[in-house]
Structure formats: C-alpha cells, structure tokens
Amino acid sequence: MKRIIDALASFKLTIFVLAGMFVLTWIGTIVQETTMSLYETQKVYFDSWFVIQPVPGLDGINVPLPGGVLLMTLLSVNLLVGGILRLRRQLSRIGILITHIGIAMLMASGLVSLMVAEHGLLGAYEGDEAVEYADAHHLEVVAFEVLDDGYVKEYLLPGDEFIGLRTGEKVTMRHPDLPFELDVHDFILNASPRRKGPMFNVSVPVVEGYYLHQREPAIGSREVNLSGCYATARVDGKAPQTGILWATDNKPVRETDPWTFEADGKQWGVKLRKEVRELPFKIRVDDFDMAFHPGTRRPEFFQSDITIWDGDAEATQRIEMNKPLRKSGHILFQTNWGPQNDPHATKHYTVFEIVTNPADQWPAWSCYVIAIGLLIHFSRMLFRYVRTEQMVQKA
Amino acid sequence: MTTLLRIVLAATLVAVCGIAQDSGVRREAWPKAVLDELAVLPIQENGRVKPLDTVLQFAMYRIHHKRAMHLPDEPAFGVNAGKKLQPIDWGLDTMFFPGWADTFPAFTLEDTVVLETLGLNELAEQKRKRDRFSMMELAPGRAALRDKIEEYRGIEKKNRTRVQNQVLGLGSAYLEYLDFRDAFDFARARYEIPDDPKLRELFGDKKVLRTSDVLRNIEALIAVVGDPNPSEAVSGFIEQVDRGVRGAGNHLHWIPPKDPNTTEWLSVGELFQLAFEQQATAEQITAVERAEAFADSLTDPTAITAAAAEFRGYMQKMAEARGEYGKVEIEYAYYRFDSFYKALLAFLGGFFVLCVSWLLPKSKWLPRGVVALTLAGNLLVGAGIVWRCIVRDRPPVLEIYDTIPFIAFFVVTVALVIEWINRRRVALAVAAPAGWIMMMLLMKFELVERRDNMDPPLAVLDTNFWLATHVTTVTLGYGAGILAGLIGAVFLLGKLVGFKKGDRPFYNGLTRMVYGTICFGVLLSTVGTILGGIWANDSWGRFWGWDPKENGALMVVLWYLMILHARLGGMIKNFGVNIMAIGSAVVVAFSWWHVNELGKGLHSYGRTEGVLTALYWFYGTSGTIAVLGMVAWVRERLAGKAEKAAPADEQLEVKEEPAPG
C-alpha cells in the first residue's frame, strides 16, 4: 500500500501527467487547424479516458495516449496525496502548500462546472417580458391540449431516453392525464425534413411524403443542431398516427407549430423542443442598443437595459459584454442580438446566454489563493537567490 | 521605359481622367511647413480619428511594402529624383499631382509571375523577380486584374496559391492607390456652365463652378435636375459634376458630419450623396472651399503654406468642436519621434560596445557603456509603450503588435536587474541583443502586418480591467520564457565551446538565473492564464474552452511546471534545466505566434505573411542549440567518467590544470 501511495505522490507521476497534458494539449491544438472542430477535439482529446492517436505519415499506425479525463484524475490524486497531504510541514513550504490548495480548488471548480453547470438561451424583443428560457442542449417532448376558453394546456412527457435512439428503436412516453401513449423513435441529432422522392429509399418512416434526413451534427456548438424524431400516438381502438417532430424553436424569431392529431375527440399537439427552464425572477427588455466603430462593421458595444421583478422588488440593470448579471444563482450574458441584416429595424431583439453554475466564482478565488501561494514561495526564493549571489561575490 | 514615354503616358491618363485638372509636375519640394500642417489633418479611418500621416504610412506599407519610397535619379521624377519619399510626401504627390505620381514605382510585387498572369509578359521580362512598378506600367493589365480578382475570390482562402494571393494583394493595393489618387479630384475640378436658360438663371454670368459652389446651390440644382426631361446641356453639366466628385467616392473621411450625434465622418463623395437629402452645413462647404484653395495654391509658392495652414486649421477646429482632435497631434508626435526605432539603435549600440568589451575585458568603462545604452534603449521602449497608452486610452497590450515592445521591455528590465544582483555580465550580454532583436522583429512585423495597430478593439476587448490584468500578466509570462531560453542558450553554448571551463560557480549561477526566471514565469503565466479564464467566464459564460490561444497559454504553464517539478524531483540538473529552458522559449513562441497562424478560435488575430517561416527558423535554431547542449552534456559526462577511472596521480594533474580565462 505504501508503495502505491508513494507512486501516487511521486514527482515521476507529476512529470508524467504534466508531460501527458502538454502533449495532449499540443495535439488538440494542432488538429483544430487541419482535421477537427473545437467540439470534436474536446470530445476526442479532453473529455476522454484514452485517445487513439494516428501517427502522421504512417498510415494505419496508431498510438494509444492517456485522455484528458485520465490525466486530470491522476493529477488530482497526485496533487492531493503528494502536493498537499504528504508535503513536508515546514514553514518554507507554506507557499507551495497554499498554491497546491489553490490548484485543487481550481480543479474542483472545473469538476463541479462539468457536472452541474447548465447553459440556456433567452431571446426577447424590446418591450417583451420573460421568465422562461430554453436549455442549450437538453430536449423534451411536450403535448398540448387546446382548452375550451382558447388557452393551451401543456403536458410535459417525462424522460429523455429518446435521445440517442437509433433507427428502429423506440421509447414509449406516457402522462396520466393524456388519453394516448406516445412512441418516440428514430431520433436524429441534426436533422432536416425532406420530401421523399421516388428514386431512392430511406431507412426512416415517411410521413405524408416527408422524412427526416440525417445531417452532419453541427460542429463547434452543439446548440445549433436541429434535432428531430418521429412520434407515434397510440389511442385505444384507433389506428396509430405518426408524425415528425423537429426541434426548431428559435425564440424570439421563430416558434414552430406542433404536430397535431385527434384523440378522445379532442385536438392534440406534440412538440420536440429545447427543455424550458424558469428564472426565479421576471425580466423585461426595456431597450437594446449597439454600435459599430464608425465606418466599420466591428462591434463597439452591445447592451440591453432590463427591468427585473424579484418578488415585490423591482430594479433596472444593464447587461453588456464583459458585464453579466448575476442574480439568484443565474448569470445572464449578453450574447447575441438581431435582426442583424436589417439596419432600419425599428425593434431589436436581444439574446442572453443563461448559466447556472454554483462554481461560477471558484476560479477567481482559487486564482487569488494561487497568486498568494506563489508570491510567498517565490519571494522567499528570490530573497535566497540574492543572498546566495552576495555570498558568491564575497567569496 | 523612356522618360518621354512616361510623360506622354502621364498626359494621356490626365486626359482620360476628365475635367479634374491635373496640377502637372511639382516644381519645388514640399515646404516643410506644408508637410507639418497636412500631416496632422484629421481623418476618420477604421473607427477612429487619426492624422493623415498615419493613414498614409499604413497605406504605403500595403502598397509599397516599405516605410519610404526611393525614387530613381531620373529627370522624370523632377524634384523627387533620387529622393526617399516619406509617406506624407508620397501621399500629397499622389493626391495633388496624380498624373505625375502615377509614374512613381509605388507597387511592390514579390514575384513578377503575377505580371505574366495579367498578360504583362514584356514588363515582367524587363524587371527582377521582386520589383517595383508604377501605376502607368500596371495600367494596361487592369482589365485582366479585375477578371483575376473575381476569379480568385471564388477560391477558398486555404486553397489559393501563392501567386493567386499575390494577385489579390495587388488588386487591393491598386484599388487603394486609386482611392488616394482620386480623393482630391473635386478640389481641382472646374465645371463649365453650359448655355442653358435654367442654369443661367441660377448662376448668372458665372462661366465656371467649383465643387463648393455646386454644394452651396444644391437645392436649386436639384430643382433643375428634377426636371424629367433635362436639356442636353443640363445633362452634360450634371455629368461633369458627377465625374468631379466620383473620385472622392467613399474614401478618405475628412469631413465631420452635420449631426453631433452621428459618429461617421464623410468623404466628399458621401457629402454629395447626403446633400441631395439634406443641405450640407456652411462649415462643411467651407471645408471643401479650404481644400480647393489649397489645391489652387499648389502652383504659387508664396501662398501654399498659408493655404495648407488654413485648410488644416479649419479641419482641426471642426474636429475639436466634436472633441475628436485631442489625440491627433500626440499620435503624430509618436510616429515622428519613433521611439522604438531609436531604441533599436540604442540596443544595437549597446551590443556593439558589448562586443568590444569582450575584446578588451579589462576595461571598466565599456561595460558601463553597455549598461547605459541598454538602459537608454529600454527607456525609449518604455516611452513608446506609454505613448501608445496615451493615444489609445488603453493599457499597454491590446494587439499582438503591442506584445513585442512589452515583452522586450520586461526581458531587458529583468536582465538588467539580474545583472545588478549578480554582476556576472551574462544577463547584460543577453539584454542588449535581446532588445535589439525584438525591436527588429517589431519593425518587421509592422511592415508585414500592414495595418494600423492602434485601431479600436472589438466589444469583447473593450475592458481596461482585463486588458490590464490578464493580458499583461500572460504577456509577461511569455517574456520570462524568452529570457530563460536566452540565458539557457548562453549556458549550453558556453559549455559547448568550453567558455570558463571548470568554473562551476559561474555555470551554477547561470542555472540559478534560469530557474529564478522560470519561477517568475510560473507566477505570471499561471495567474495570467487563470485570469483569462475568469474573463472568458464573464464574457462567454465558460471558464475554459480549449481554444488554441487558451491551449497555448496552458502549454506554457505546463512546461514551466515540468521544469520546476523535474528539478525538485532530481530528474534534471544544470544541463536539464537549461535544455528545458530553451524548450520554454519554443513553447512561448508557439503560444505567442503559432496559434494565431492556425486561424481558428475566439482569439485568432489572422495570419500574417512570413510569420510561420520565421517561427520554423526559430524552432530550428532553438532545437539545434538544445541538441548541441546535449552533445556538451554527453561530452562532459564522458570526461567525468574518464576522470573517475583515471589513477589518483593523473586526477591530481587534471585538477591542477588552470581553467582557461
């Protein structure tokens, strides 16, 4: 056991991990120029345990490398065991200890962000109020019922097992208040509906002459993928009805109509969309303003003035580049605006990226800790260096 | 091409240009006062108001690929023959003596194959592979150039050949040149009033109008032009005016707008377009008049200086009224003083004195001279950095250009401090050449980048707090890697050539310097990189995105940490630390420059011609030094083993051998 702990605490492991991360980061940078997008690079090199790396110029020869997750795990263990727990408790090492604690905090913040942080988008025109926003990645299936008074009642179908279904696979979704069951099948991460021609066959269902065509998953940012799937509604005593669901809501610019069918004498709608989340407060976009540097198309600034209602409290706030709004565990970033191709638009919309991340400020705190630790240690070393040099000169 | 032919061609082009009267050939040199006045004419370009001198300087980089234009000593060049034209001289010649300036060899082609592509084979044969050409010489190929530009623009950037890129570059330079050449056509233009009752009613007995007259009477003219069936005479008149102001197009924005809330300045072409919707202000019309008066004064040496002063003075007043003139003269003074170039000379002088001091090791004054010159060079670099901060109201590092003087200042300062502490004359020996090389790199980069490096930043960079913290610390972290690499090179090359052989304290001292510098680097790079993550978290909502520039910064931190931990763990000793220090310079170069060349990511500055080649040279040189260092290490180890294996009396003899030097 001691030998294992010694190995985990050793400088050799530190060097192995640092060198491994260095090589991995270098390859992950170079491949972005040639073969891979940023998103793919993250998946292959940094969000993985192992990487099978082709050797350039040697066709078919691959080298196994430790992936980012494995190296980070080893670094955490090495840091914890060797850099904190087994570090000699001497006054001269206090700076190192503080630095290592800061790095551990930084890594913990990375882990918490990876596990818990959620990203979403909220778009609204000037004058619009909003309390809901769409998750950037997660999808949900929702059914609608048109009530007699014209209002729409929404039924969220629990579960997201449909994501990742392959051709021919299905999951059944139910809701106790709904008179039908829904089989969701043939999920496609990035899809577009196309008319089925007579000269070719497709492996997915064709609905009223249309099918979902599989496109290359959008690279770089996952949120631009337009996912699609099929839904078959099964109602007792009736033939199943199949429709295409396509998640193309892009508020505030576009809201897609649901697939509709009849069940239990009523009209129902079903829709695939980005998960809807709720802010713990309400906002209204009062004004959006932006400018280019004169005579250029280089943005000088873009900013939104909003009013916030939190319970009985009302406040106004400006959200701009580098100055997000942090409130009640939610961070609102100014991320986009529109319409961008209409210089005479009288009304603009603004788009906020919304992040929930309990570790949001941990990197800043860890940065202060690391800076203090390094300053203590290196100041000591500088002092020692000056003293040594003076002694050498005297000698 | 003969002189006569040049003149004939110039005259032909003037005739083709139409009513804008060419001022012919300049008979006397531009008076210094005129150059001084017009150099600070405020111009709005790329989002800021700057001196005309700055606009012309970068235009010359793009068109001529040089800081100044040398004209052959030929009669056709008149007062310019055999002279080196500064951007302001060349610019004023181009704008006010266009026909003559068209004969200047303003365009630089890196490869005359471009000419063959344009069907100018005969011209290509007469010239060297890399040569300069005048507008006159290139004019016959303009139709082919237009076609080629259209064709090559359709090709994806990464698939274009070198020649195709050069053709596109020539196309841009050609258009930019035309923009300057025609920018003041309106000031020379005279519009003959035809014999038309409506026009006579409007202008009375006047025979000729100037652009300012047309602007002043634009409303009445619109009524005449508004006639659905204008007479032939009126149509001809309108055509004259159109030709007169067309050249001003939308280039050279020197007229402030009417509305104080509008930010975009106007060219004369734009002023005309707007004047059809809303009458130009009296100030704007007076500005045009001042330009005309200056154009009129070109043939009158007694009036030219006053006309230039009036023109510039009036434009200064207009800009001041909007609060946009404040930095124009400071910027002009910055470029005029050229502190980075003076720093280069000081560092070069320091390096020269350093070399002499090696030849005369007993001299006490020579090392002091090196210190004085290096210090002077560094103060000049510091002055340049501060000057730029004042002009932009920004912290020192905003563009990749800014990183070079900033790193130079840091490297030289730290080297001088180390020298002050240990007085080994090693850090001093590194300081002057490092400063000199970095200033050379700065000059070269400005020339190849060919764009104004003080233009305002994107919205995301509009934060002085993060620019002052993250950007400066990361950049200083780079500087530490460069300095460590330089001292490491001194160690390895010293060992290789047997300099101070057997002087262990000397080499231990060098390793301590490298190690200390790396410690500095760890502090700055780690804190700087994390600060960058915090900035990204505030801008984009994520701390880390594996963007190439972020990766580069991380690689620098990882490399520094490897050196420290390998040394602490006893895996490397003196040689290892110094060889890895060379590696730190390589990793810094990768992060500093190479990742920008990848053209990917949120931090991409775009590719710059020639940077990759320079980088590969740097990697090769550093690699060679590292390999030579390893050879020295192997040699020393073998010698050490032999020493141990030798009998005791032999060992004694070896120990008694005096160390060279």
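User: Why are B:D213 and B:R216 separated by about one helical turn?

Analyst: Because they sit three residues apart in helix α13 (residues 211–216) of chain B. Helices here are DSSP runs of H or I, at least four residues long, and strands are E runs of at least two, numbered from the N terminus. This is a predicted model, where local features need pLDDT of at least 70, side-chain atom pairs count only at pLDDT 80 or more, and totals for chains, interfaces and linings use all residues. Residues are numbered from 1 along each chain as its sequence is written, chains are lettered from A and ligands numbered from 1 in the order in which they are written, and side-chain values use heavy atoms, leaving out hydrogens and water.

User: How do I read a salt bridge, and what is the N and O distance between B:D213 and B:R216?

Analyst: Side chains of opposite charge can pair when their charged atoms come close. The rule wants a side-chain nitrogen of Lys or Arg within 4 Å of a carboxyl oxygen of Asp or Glu. B:D213 and B:R216 form one, with their closest N and O atoms 3.5 Å apart. Over all chains, the count comes to 60.

User: Is B:D213 buried or exposed?

Analyst: Buried means under 20% relative accessible area, exposed over 50%, and partly exposed in between (1.4 Å probe, protein chains only). B:D213 has 11%, so it's buried, while B:R216, at 39%, counts as partly exposed.

User: Which parts of the chain does the pair B:R181 and B:D102 link?

Analyst: First, the pair itself: B:R181 and B:D102 make a salt bridge, closest N and O atoms 2.8 Å apart. The bridge links distant parts of the chain, 79 residues apart: B:R181 is in helix α10 (residues 162–182) of chain B, and B:D102 is in the loop between α5 (98–101) and β5 (107–109). B:R181 counts as buried because its relative accessibility is 9%, and B:D102 is buried too, with 0%.

User: And between the chains, how many salt bridges does the rule find?

Analyst: Three across the interface of chain A and chain B. In one salt bridge, the side chains of B:D538 and A:R326 meet at 2.8 Å, N to O. For contact, look for heavy atoms within 4.5 Å: 55 residues of chain A touch 61 of chain B. Buried area is the accessible area (1.4 Å probe) that two parts lose on being put together, summed over both. Chains A and B bury about 5000 Å² between them, 70% of it on carbon and sulfur atoms.
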